[in-house]
Amino acid sequence: MAHRIHNFNAGPAAIPLPVLEQIQEELLDYQGSGMSVMEISHRSKPFDRIMEEVVSRFRKLTNLPEEFHVLFVQGGASMQFAMIPLNFCAGRRPVYLDTGTWSTKAVKEAQIQGLDPLVAASSKDRNYSYIPKEYEVPADAAYLHFTSNNTIKGTQWRTFPEADVPLIGDMSSDILSRPFDPRPFGFFYAGAQKNLGPSGVCLAVVREDMLDRCPDTVPTMLRYKTYVEKNSLYNTPPCFGIYVVNLVFKWLDEDIGGLEKMAAINRKKADTLYGAMESSGGFYRPTADVEDRSLMNVTFRLKEEELEAKFVAEALEQGLGGLKGHRSVGGCRASIYNATGQEAIDALVQFMADFARRNG
Ligand code: PMP
């Protein structure tokens, strides 16, 4: 039996154990082909089947309307920051809601392209510890871009922003953690390495009517239309990553029972962890405003900064890994994506109480 620890990494992050076991089981001989899934052609029958399954499973999980296409793109979520303005502006001004590092990077890619993006709201004034509530979006904007969950600062949109223009969502760190309504979206996307599978593949979902906005001057591999027309197989896709994403969708659907169930599990996990901090008498202090706290990335500080490195190191000794905050902000962070179960939270909460007792 392999030695596994409780994994609180922010991404790449935990993958459900049954998924890893299935990968292990069929690694040398994928479904009787005599080859690993890494060794078969992306134009073979077995891979065709993986592509069909992964798309139909995502459609089922999200109840995705017909007019949306499900695509797999390389270059991570960061590549999407550039592709979005390239494909969707068509002479109009893009609008962004700035809730942290990743939104800021998305804005920058529109600036580089000379598109003069409008930042309609920002929570920078309080170090991105909340989600802005007031913003106005011009009716002739190209789109409204937002980051549904802020991985580094630990804030999350409880309900999504509303606008009369297509919504574009970077859902990298909370996709499939709860049900959502895809219909207001013109486009949404998520790097796989948090809730979907391994890094190297980015899920991109585009509404049909958005495709015609793309100017002819955009290179082939940077056009969403190319991915739609070729079913994400214009060139060799990240086959292994897509295969794992398919298994993660299967786990979500068959083992967990869909997004309502997943959301209830995630809610309980977050409640347990935030609750433990709130009853710690100030020893552990969550950094985000209560109503905007992320259910995926729980960011917190300790009573004294000097204790934080000790906390992270001792936790790891106890089999609790990945609790160091992002290098840009310090502090601590427990990323509790779909694959990190209640048992990991319970173990963490127990360790936290013990650590506070010994260091309080
Ligand atoms: N958006 C969000 C919300 C993220 O958390 C991350 C990565 N942590 C990114 C974008 C960038 O993703 P990638 O590394 O896949 O480019």
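Predicted model: local features only at pLDDT ≥ 70, side-chain atom pairs only at ≥ 80, totals over all residues.
Residues are numbered from 1 along each chain as its sequence is written. Local features need pLDDT of at least 70 and side-chain atom pairs pLDDT 80 or more, while totals for chains, interfaces and linings use all residues.

**View 1. Residues around the ligand.** The shell holds 13 residues, and Ser-78, Thr-151, Asp-170, Gln-193 and Lys-194 come nearest (near: a heavy atom within 4 Å of the molecule). Helix 3, residues 76-88, gives the largest share, 4 residues (helix: a DSSP run of H or I, at least four residues).

View 2. A polar contact is a pair of N or O atoms within 3.5 Å. Oxygen atoms of the ligand lie 2.5 Å from a polar side-chain atom of Thr-151, 3.0 Å from a side-chain N or O atom of Gln-193 and 3.0 Å from a polar backbone atom of Ala-77. The protein buries 85% of the 390 Å² that the ligand exposes when taken alone (Shrake-Rupley method, 1.4 Å probe).

**View 3. The largest cavity.** A cavity is a set of points, on a 1 Å grid over the protein atoms alone, where a 1.4 Å probe fits but cannot get out; lining residues have an atom within 4 Å of a point. The largest cavity has a volume of about 60 Å³ (the space filled by probe spheres set on the points). Its lining includes Ala-14, Lys-194, Trp-251 and Tyr-337.

**View 4. The second largest cavity.** This cavity holds about 40 Å³ of space. Among its lining residues are Phe-160, Met-171, Asp-174 and Arg-178.

Methods:
Heavy atoms only, no water. Polar contact = N/O pair within 3.5 Å; in protein donor to acceptor, adjacent residues only side chain to side chain. Helix = DSSP H or I, 4+ residues; strand = E, 2+ residues; numbered from the N terminus. 1 Å grid on protein atoms, 1.4 Å probe; cavity = no way out; pocket = protein on both sides within 12 Å on 5 of 7 lines; lining within 4 Å.
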